[in-house]
Each structure stands twice: as structure tokens, then as C-alpha cells.
Amino acid sequence: MAERVSGPYRGYYISAAARFVPTVDAPAASAGAASGTYVGSVSLAEHGPDDPRRMETLLDLGDEQRFESEEQALVFVEQSAREYIDRLLGGH
């Protein structure tokens, strides 16, 4: 699992995380490489990443999102969080 914290962005710190989820129906031995996808998650905090009062909400990320790398998942969820903050605070 990879995690990255950025901010503050408009007063919020963004903690984006990505983890590998193996494909359930993939053959056990597929050329020695694990088959699966990365999923991302994000949390927001006003007073830093260790703030116990984190904001938790579900964000609509569109159609089912799958990522080929940790970096793609992190970038996507971080951008989704920034867009959410913009909507929350009334635009740019």
C-alpha cells in the first residue's frame, strides 16, 4: 500500500492511498506475476494529516475505476478530493 499526503489545499490536507487488490478469478500461477488492480481511497483533514477530526464522505468517482499502478490511483483520488473541496467551498 502506498500513501501520500499533500496540502494544505484550500485549508485541507489530503491523504491519498492506493492498495493492490488481487484478481479473484485469475489463475494461481500466471507467469509468476500477481494479477489484479489498484484501488484508491482518500481522507481530508483541516489541521494536518494526524488530526483526529478527519472529514469522511463518499465521493462519486464515476464509473468503476481501475488503475494499473499505485501512482495512477494516487493521482486520481487526490484530484477527486481537490474537486470535492472546490465544490464544498463554492468553486475556485
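## Ground rules

Two strands count as paired if DSSP finds at least two bridges between them. Strands here are DSSP runs of E with at least two residues, helices are runs of H or I with at least four residues, and both are numbered from the N terminus.

This is a predicted model, where local features need pLDDT of at least 70, side-chain atom pairs count only at pLDDT 80 or more, and totals for chains, interfaces and linings use all residues. Residues are numbered from 1 along each chain as its sequence is written, and side-chain values use heavy atoms, with hydrogens and water left out.

## The sheet

Pro22 has Gly36, in strand 3, as its bridge partner. Strand 2 (residues 12-22) and strand 3 pair up antiparallel over 10 bridges. They belong to an open sheet of three strands, in the order 1-2-3, with antiparallel pairing. On average, neighbouring strands are turned by 20 degrees against each other, direction ignored.

Helix 1 (residues 70-88) lies across strands 1, 2 and 3, and runs at about 145 degrees to strand 2. For these angles, axes are lines fitted to C-alpha atoms (for helices, over the stretch in contact), and the scale runs from 0 to 180 degrees between N-to-C directions.

Ser41 sits in strand 3. Leaving out residues up to four places away in sequence, Ser41 touches Ser15, Ala16, Ala17 and Val77, with contact meaning heavy atoms within 4.5 Å. Ser41 and Ala17 are 24 residues apart along the chain, yet their C-alpha atoms are separated by 5.2 Å.

Ser41 counts as partly exposed because its relative accessibility is 43%, between buried (under 20% relative accessible area) and exposed (over 50%), using a 1.4 Å probe and protein chains only.
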